Amino acid sequence: MLTKKTKIIIFSLLILLGVVLLTYGAFFHSTDVLPQQEDGYPPIATSEPALIKEVSVGGVKRDESGKIKQTYTGKAPEACPT
Amino acid sequence: MVEKTKLSNPASKLPGWRMWVQSAFLLVWLDPLGLRLHTICSPVFHCYACPLSTFACPIGVIAQFGALHIFPFMAVGLLIAVGALFGSLICGWVCPFGLLQDLVAKAPTPKFDLPKWVGCLRYVVLIGTVLAIPYLFAEEHPLFICRVCPAGALEAAVPNITSQAIAGQQIAWPNTLKLTILGLFLIAIFFMKRPWCRILCPLGAIFSLFNRVSVFFLRFNADKCTDCEQCHKFCEYGIKPEESPNDLRCNRCLECIRCGPGALTLGSIFEETQTLKSAFENPERKS
């Protein structure tokens, strides 16, 4: 049985962890995404919020070499293909 | 006997508000302002491919990020923070997919109970289709969560198929497995209470892990319990709240707090919990 104090400590740690992860993801985390046509184009550093939007429409994929690549050129797809 | 049945507990009125709260939140999730804030996850099970979705689905994002081999900091951070605050209260009071099942459950059809062990399948779904399969096989695998998710089928595939049919375009049918799961789900919701939430929901599995430490929890006051077992009848999921008030299967619908003697209430970890403590430390509390 967890005591009140233990529960408050666990809760505080969880909230802290959640807020730290959220903040890091929202403001500091980014991933390099290659455009669909790689020829000469450098990878674009994509923030996590932008990447969330991309995955929600199936706009990025991981290729055999482990690089993240856009699945489209020009206008993004409207909905997730799954 | 009269003492057992009268509603002396003010909190017992809370469950009456549940449908209103769920409906109010539905307005948040269904994007009435057309904001399409898909750069942010919501803490509920609502497919981002739905034409009416304000936020991204956290389970879909976790699975898709897993397929990319990227850690989803925002989705995980949000679920930890929301889980620590509310636990499964989200499932019972906020989730639109739960509301849909609650509404259909009002149909006058016979309802079947489920064995306890089926609740463990949620963790199998979470570990298998949300974490392991996306990471190992990417999104092409037929058991990738979004490929089998009934919420996606109902909220995204059905409206898309309908709009394609109306527009006379070529219809992009979802895979057979997804349609089969949708069919089974649509049958099951008429004969079971919240079958998705209780058997397969990976988001519910995550939130249930926080039930023992979340700010809001179900408090059992042994001193007020008259052993009338009203709470057993109120609980639609076969849980005995006086034995395990923070059961992993509980979705915090709070129906049990309608119990007459007021032995069950919605508590907070910041309140004094002397009676709760005594309930667990004194096994002969009902003598």
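This is a predicted model: local features need pLDDT of at least 70, side-chain atom pairs count only at pLDDT 80 or more; totals for chains, interfaces and linings use all residues.

Colleague: OK, chain A. In what order do the four strands of its open sheet sit?
Modeller: The order is β2-β1-β4-β3, with mixed pairing. Strands (E, at least two residues) and helices (H or I, at least four) are DSSP runs numbered from the N terminus, and two strands pair if DSSP finds at least two bridges between them.

Colleague: Which strands stand at the edges?
Modeller: β2 and β3 (60–62) of chain A; each has a single partner strand, so one side of each is left without a neighbour in the sheet. Neighbouring strands are turned by 45° against each other on average, direction ignored.

Colleague: And what does β1 of chain A pair with?
Modeller: Strand β1(A), residues 30–34, pairs with β2(A), residues 44–47, in the antiparallel sense over four bridges. There A:S30 stands opposite A:S47. With β4(A), residues 68–70, β1(A) pairs in the parallel sense over two bridges, and A:V33 stands opposite A:I68.

Colleague: Which helix lies across β1, β2 and β3 of chain A?
Modeller: That's α2(A), residues 48–55, running at about 90° to β2(A). Angles here run from 0 to 180 degrees between N-to-C directions, and axes are lines fitted to C-alpha atoms, for helices over the stretch in contact.

Colleague: Is α2(A) enclosed or open?
Modeller: Seven of its eight residues are buried, so α2(A) is largely enclosed by the rest of the structure. The buried ones are A:E48, A:P49, A:L51, A:I52, A:K53, A:E54 and A:V55. Buried means 20 or more other C-beta atoms within 10 Å of a residue's own, exposed means 12 or fewer, and partly exposed is in between, with C-beta atoms placed from the backbone.

Colleague: Switching topic: how many residues of chain B are in contact with chain A?
Modeller: 37 residues of chain B are in contact with 32 residues of chain A. Contact means that the C-beta atoms, placed from the backbone, lie within 7 Å. On the chain B side, the elements giving two or more residues are β1 (37–41), α3 (58–68), α4 (73–86), α8 (145–148) and α9 (150–166).

Colleague: Which of those gives the largest share?
Modeller: α4(B), with eight residues. By class, the chain B side has 25 nonpolar, nine polar and three charged residues. Nonpolar covers Ala, Val, Leu, Ile, Met, Phe, Trp, Tyr, Cys and Pro, charged covers Asp, Glu, Lys and Arg, and the others, Gly among them, count as polar.

Colleague: How do α3(B) and α7(B) cross?
Modeller: Their axes come within 7 Å and cross at roughly 25°, with α7(B) spanning residues 121–137. That makes α3(B) roughly parallel to α7(B). The cut-offs are under 35 degrees for roughly parallel, over 145 for roughly antiparallel, 65 to 115 for roughly perpendicular, and oblique for the rest.

Colleague: Which residues meet there?
Modeller: B:I59, B:I62, B:A63, B:G66 and B:A67 from α3(B) meet B:V130, B:L131, B:P134 and B:Y135 from α7(B). By class, that's eight nonpolar, one polar and no charged residues.

Colleague: What about α9(B) and α10(B)?
Modeller: α9(B) and α10(B), residues 176–191, pack at about 95° with their axes 8 Å apart. That makes α9(B) roughly perpendicular to α10(B). B:P150, B:A153, B:L154 and B:A157 in α9(B) meet B:K178, B:L179, B:I181, B:L182 and B:F185 in α10(B).

Colleague: Where is B:R194, and what is its phi?
Modeller: B:R194 is in the loop between α10 and α11 (195–200) of chain B. Its phi is near 45°, a positive value in a residue other than glycine. Most residues other than glycine have a negative phi.

Colleague: Is B:R194 buried or exposed?
Modeller: B:R194 is buried, with 26 other C-beta atoms within 10 Å. B:E229 also has a positive phi, near 65°, but B:E229 counts as partly exposed, with 13 C-beta neighbours inside 10 Å.

Note on methods
Residues are numbered from 1 along each chain as its sequence is written. Chains are lettered from A and ligands numbered from 1 in the order in which they are written. Two residues are in contact if their C-beta atoms, placed from the backbone, lie within 7 Å.
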